[in-house]
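Thanks for coming, everyone; I would like to take a few minutes to walk through one structure, going from a single residue to the ligand site and then to the aromatic pairs. Please have the viewer open while I talk.

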Amino acid sequence: MSLIEEQFTVSLSVNGTTRPVTVPARRLLSDAIRHDLELTGTHVGCEHGVCGACTVLLDGAPVRSCLMFAVQAEGHAITTVEGLADANGRLHPVQEAFRDCHGLQCGFCTPGFLTTIAAALEEYEPGADVSDEEAREIVGGNLCRCTGYQNIVKAVGRAQEIRTERAGRADGDAATSAGR
Amino acid sequence: MKPPPFGYAAPCTLEETLGLLAELGHDAKVLAGGQSLIPLLSMRLTAPHTLVDINRIPGLGGISITPKGSVVVGALVRHAELLADESAHSANPLLRRATSQVAHPAIRNRGTTCGSVAHADPSGEMTAILAITGGSVRVASAGGGQRDVSATDFFLGPLESSLRPDELAVSVRFGAPAARTGSAFLELARRRGDYAMCGAAVTVTLDEDGAVSDVRAAYLSVGPVPEVHDLSAAVTGQPYASADWVAAGALAASLVDPEGDLHASADYRRRLVAVLTERALAQAAADAVARTQEAASCL
Ligand SMILES: Cc1cc2nc3c(=O)[nH]c(=O)nc-3n(C[C@H](O)[C@H](O)[C@H](O)COP(=O)(O)OP(=O)(O)OC[C@H]3O[C@@H](n4cnc5c(N)ncnc54)[C@H](O)[C@@H]3O)c2cc1C
Ligand code: FES
Ligand code: FES
């Protein structure tokens, strides 16, 4: 192995913005996001796939960013915790639910929970019920050392309520504007 | 924990990939889903000269069912895709039962079924499933064309397969269940999604009168390779509803030779083999009855 590592220039599309980064092949996606793109919302705990803190969405599906290389992410759309709120800065239902339910303490694990839960709830129609059992299943791959999980499980149900409320409001708005 | 430096190639064709593997030999390592390899790199337990990333090769994806009912899973099929596939599920329900126990959704979105088999981890669900279904691995190499390696010949030891460094596993084939055969999969892990302390994949075949005619089981986290044990002797000829599954579990426990580790002692694992076998066999017998009725109603 030569002393100078070969560098690769990759276009990373994160939260709707595409930026080039120049990295060695061994640069983990998590490090590219944090150090090269300076999006430090994505946290790094174990770096071997177990804790879930680094979870980001790859084309909408949760993956561990510590178990991918940045060079593999070209051509994929990545969403990090910074990309969950909408363009007007309104919190994502899961973020609002974590605040409502006290679903975080130190916050280290939070970005991984938020991305994981946000993707999982996409499988549910607004209005559909998410049982506690299902909520536990959704967060079963993420570790939290502070909360004891109870409030996180509550937040999953609350997030689904908020989605339902927002969908109801959007329907109401659509009905009003249609009636105008 | 960061991976050591390595050379990186992401070829776009199978020919190019096989050429590279032939040229690099032991210096190369295939990168599929990376869910086992990247942790090993980060922990510096392996330091290949070059990673050959197969994720850009078209034609390595896809799940198909052969006319005889085997399920063929391409090298780039992620666990999540197999889990969701209805045709694979109706051909062999054991696949979904086991895949749902492989890690967590975020790992399943990236990790591949083929990679799990190639990794040859005796704690992995899919190695046991390949063994009990009498499956095989299709391997390709630059000089040698393609050949099928049976599960028995494929697994040599923990994390050790008969794949040569110049070979790529292009697909795995899970064998079709025989007629009047039901299956079940049970495992025990400290937390759901963790590697199991012990797991059992079992099949029960009934004869035309509903008596037990064949019973098989393969285990995870029990031996160095996924062995298939024939438990028929304990229950053959008994009516399925009153078969002595406890005796079959005891027979299984006498056939295995588990090792103890941090997660479970050898004795505890042997006990789990007995209990999980007993429970799984009862489920598999009920499944055999249901499948037989379903098949009859289809005629
Ligand atoms: C937190 C965590 C929990 C997990 N829990 C489980 C679990 O409960 N059960 C379980 O079974 N697995 C578990 N896994 C592992 C996971 O299933 C992996 O996806 C799988 O073991 C390897 O598949 P991969 O595609 O990621 O392979 P990679 O990591 O890319 O490769 C693994 C090995 O196989 C070789 N390889 C891969 N594909 C090929 C191919 N086509 N041809 C030749 N060689 C190939 C590679 O060179 C490497 O040596 C877990 C992983 C993590 C991180
Ligand atoms: S840092 Fe990626 S899973 Fe822990
Ligand atoms: S809030 Fe501290 S680790 Fe989860």
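Let me begin with Thr50(B), which sits in strand E3, residues 50-53, of chain B, where helices (H or I, at least four residues) and strands (E, at least two) are DSSP runs numbered from the N terminus. At 9% relative accessibility Thr50(B) counts as buried, and by buried I mean under 20% relative accessible area, with exposed over 50% and partly exposed in between, using a 1.4 Å probe and protein chains only. The side chain of Thr50(B) makes a polar contact of 3.0 Å with that of His49(B). A polar contact here is a pair of N or O atoms within 3.5 Å; within protein, one must be able to donate a hydrogen and the other to accept it, and residues adjacent in sequence count only if both atoms are side-chain atoms.

Before going on, a word on provenance: this is a predicted model, in which local features need pLDDT of at least 70 and side-chain atom pairs count only at pLDDT 80 or more, whereas totals for chains, interfaces and linings use all residues. Residues are numbered from 1 along each chain as its sequence is written, chains are lettered from A and ligands numbered from 1 in the order in which they are written, and side-chain values use heavy atoms, with hydrogens and water left out. As for confidence, the model scores ipTM 0.93 and pTM 0.95, and chain B has a mean pLDDT of 96, with 100% of its residues at 70 or more; pLDDT is the predictor's confidence in each residue, from 0 to 100.

Now to the ligand. Which residues are the closest to ligand 1? They are Val30(B), Ser36(B), Leu37(B), Thr112(B) and Glu125(B), out of 33 residues that surround ligand 1, a residue being near if one of its heavy atoms lies within 4 Å. Because residues from chains A and B surround ligand 1, the site is shared between chains. By class, the shell divides into 15 nonpolar, 15 polar and three charged residues, where Ala, Val, Leu, Ile, Met, Phe, Trp, Tyr, Cys and Pro count as nonpolar, Asp, Glu, Lys and Arg as charged, and the others, Gly among them, as polar.

Looking at individual atoms, a backbone N or O atom of Ala169(B) lies 2.9 Å from a nitrogen atom of ligand 1, while a polar side-chain atom of Tyr195(B) lies 3.0 Å from a nitrogen atom of the ligand. Taken alone, ligand 1 exposes 970 Å², of which the protein buries 94%, with areas from the Shrake-Rupley method and a 1.4 Å probe. Helix H7(B) gives the most to the shell, with four residues.

Rings of Phe, Tyr and Trp (its six-membered ring) pair if their centres lie within 6.5 Å; planes under 30 degrees apart count as stacked, over 60 as edge-to-face and the rest as tilted. The ring centres of Phe8(A) and Tyr8(B) are 5.7 Å apart with their planes at 90°, so this pair is edge-to-face. The pair crosses between chains, from strand E1 (residues 7-14) of chain A to strand E1 (residues 7-9) of chain B, and Tyr8(B) is buried, at 13% relative accessible area. Phe69(A) and Phe6(B) also form an edge-to-face pair, 5.2 Å centre to centre and 65° between the planes; Phe69(A) is buried at 0% relative accessibility, and Phe6(B) is buried at 6%.
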